Amino acid sequence: MAANVETIEQVQAVSEKYKYGFVTDIETDTAPKGLSEDIVRFISHKKNEPEWLLQWRLKAYRHWLTMPEPEWAKVAFPPIDYQDAYYYSAPKSKTDGPKSLEDVDPELLKTYEKLGIPLKEQEMLAGVAVDAVFDSVSVATTFKGKLEEQGIIFCSMSEAVQNHPDLVRQYLGSVVPAADNKHACLNSAVFTDGSFVYIPKGVRCPMELSTYFRINAANTGQFERTLVIADAGSYVSYLEGCTAPMRDENQLHAAVVELVALDDAEIKYSTVQNWYPGDENGVGGIYNFVTKRGACRGRNSKISWTQVETGSAITWKYPSCILQGDNSVGEFYSVAITNNMQQADTGTKMIHLGKNTRSRIVSKGISAGRSQQTYRGLVKVSPKASGARNHTQCDSLLIGDRCGAHTVPYIESRNRNAILEHEATTSKISEDQLFYCRQRGISQEDAVALVVNGFCREVLQQLPMEFAVEAQKLVGISLEGSVG
Amino acid sequence: MLEIKNLHATVGGKGILKGLNLTIGAGEVHAIMGPNGSGKSTLSYVLSGREGYDVTEGEVIYQGRNLLEMAPEERAGAGVFLAFQYPVEIPGVPNTTFLREAVNAVRKYRNEPTLDPMAFMKVLRGKIKELGVSDDLIKRPVNVGFSGGEKKRNEILQMALLNPALAILDETDSGLDIDALKTVADGVNTLRAPDRSVLIITHYQRLLDYIVPDHVHVLAHGRIARSGGKELAQELEKTGYAGFTGEAA
């Protein structure tokens, strides 16, 4: 890939420590610590929500109290003290909220610049509309006008609740029910903000929609809620990228992302995730417990997940597709990198319900240091899904001899003419490859980045160009110090 | 150019090189021949700095510098190139990308400006034309699915691009049919230059029919048992290594 040289240079320019380890000092409007019905009411009230949504939250909260923690994943961590976290914090604003970039707190903008996200430049140069999330409240949305012309709605979830309540009410929780699992249930009760996208019938979204998530205030659990609806015959590509400042305490993140694709619609959802993974000894780092699911509700619809997961202390994440419409297609392309003490249990579920539904899974796992990584995937074919096809390819690469890679594929087929294929490989990064590169002048770390980028190529190619470059950079940065 | 003095090296604790002496002048082509297990490949790995090949005694001076103190990539930057006996596959990495990374890495060591992708492609196109390498070879992933001949040709292409001062060819003739052998030899011959030395490591004499060396050495039991001109290679072809396989004096 053409970006490789630049990648290597950029990788060299970055120090060994976590690049984005700084904390912005902004007064936050914070709810008291702990979780109770009152906190749920507080959040709903703060956001001026309609009664039905408050009731929906409360129902979720009450159910959450009864739910056990999911324990099947191969990750280990001390029990979470839910009372020892904050559930609401918003950057203070003097007015009712910024109307444009000029109204945004300059401290915030500075933070974004440190992260390499100059909003203004992006607005002009990159053609990317950014719905930037700082802590829990969206502070800036660009390109809105341009999108509005085509009837596209791209706004924060809070705005959507105010301005498009019918759409929210119709689709919220329709893919991931509130009671789906403990983490999703908690999110349903206390979600603070997130992104909302609606693409009208027959519209091809003219630009990549992008959100940058960021966790800032100490001890603030982040509960993002994202909802993307592609109406019949529409297309949208959505990018999500995340970074977080260095913190010495574990931060809980339980996001929910729901995608709905109607007849002939296509959603491409790409993620580059680079949250603080903790230090070399596993201190600090984000707990990333995410529920992502897409419903291919319409005929010939398609949902494609692409993820590059390099950060977080613990990752628990299974972007899935429910292939309901006949001839619908689900795809999952994943690169997961774990180093030091990181733990990741990630994979996908492809649920074939409609006829002639097809799914493809390509998972590339790279484990280094003392990290543990598991691919966990389910391919399920219902009795009515005749002609269903799945191809799964699952490759693991080990760096060093103290890490672990595990593959747990589940296949449940209840239809005789379904065709399911599963391929899996496990390999070690070889001394021969590294020496070959070094003999050609390429340094050890650059050689590791090169070999690993080659290993992930099939997945990285799925990313939109600007993200592919960032992802290649991340691959190198994430594995610094993993060899020799 | 290169001076090897009383070199002793072990692999996994086992002594392989036992007092090897060799001096190579600028522009000279030397051939090291020897039976299997005599230490030929060990010598190439010691010179290129591979881990696991431990020098226990002696020294190697390259262009006035202590070569053994340098990391493999520094040696490459300083102009030491090893054409591998078994070139390594790197799946998913296009050959072009690999070649550009390598070229720019050594350019940095040499304080030369790095080439952007466009400029590099121009250089690469020139070289593949010169060496008669097929276009297809640079687009495929590094060595993946290459035939034996293609792999060796790719090594020669890398050598041409990296412009080394000392090229070590480790059994470059192994696994090649006669046509591939000729192409590879032609490639090496076009790279012969007054400021470039070549060390050819081979078991068979036949490569030396095409790349004619200035000096030929016989390696046996970890040291140079005999040195001579190009006619020594022909002599060995007739007599074999029988005279050298007994315990050296």
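1. Within chain B, the lowest confidence falls in helix 8 (residues 231-239), with a mean of 86. Helix 2 (residues 72-77) of chain B has the highest, at 97. Where pLDDT is low, predicted coordinates should not be read in detail.

2. For the model as a whole, ipTM is 0.96 and pTM is 0.82.

3. In chain B, helix 6 (residues 148-162) packs with helix 7 (residues 178-190) at an angle of about 0°, and the two axes are 10 Å apart. Angles under 35 degrees count as roughly parallel, so helix 6 of chain B and helix 7 of chain B are roughly parallel to each other.

4. The residues that helix 6 of chain B brings to this contact are Gly149(B), Lys152(B), Arg153(B) and Ile156(B). They meet Ala180(B), Thr183(B), Val184(B), Gly187(B) and Val188(B) of helix 7 of chain B. By class, the contact between these helices has four nonpolar, three polar and two charged residues.

5. The contact between the chains involves 20 residues from chain A and 25 residues from chain B. On the chain A side, helix 1 (4-13), helix 10 (431-439) and helix 11 (444-460) each supply at least two residues. Helix 10 of chain A gives the largest share of that side, six residues. The chain A residues that touch chain B divide into ten nonpolar, six polar and four charged.

Key:
Residues numbered from 1 in each chain as written. Chains lettered and ligands numbered in written order. Predicted model: local features only at pLDDT ≥ 70, side-chain atom pairs only at ≥ 80, totals over all residues. Axes fitted to C-alpha atoms, helices over the stretch in contact; angles between N-to-C directions. Helix = DSSP H or I, 4+ residues; strand = E, 2+ residues; numbered from the N terminus. Parallel < 35°, antiparallel > 145°, perpendicular 65-115°, else oblique. Contact = placed C-beta atoms within 7 Å. Nonpolar A, V, L, I, M, F, W, Y, C, P; charged D, E, K, R; others polar. pLDDT = per-residue confidence, 0-100.
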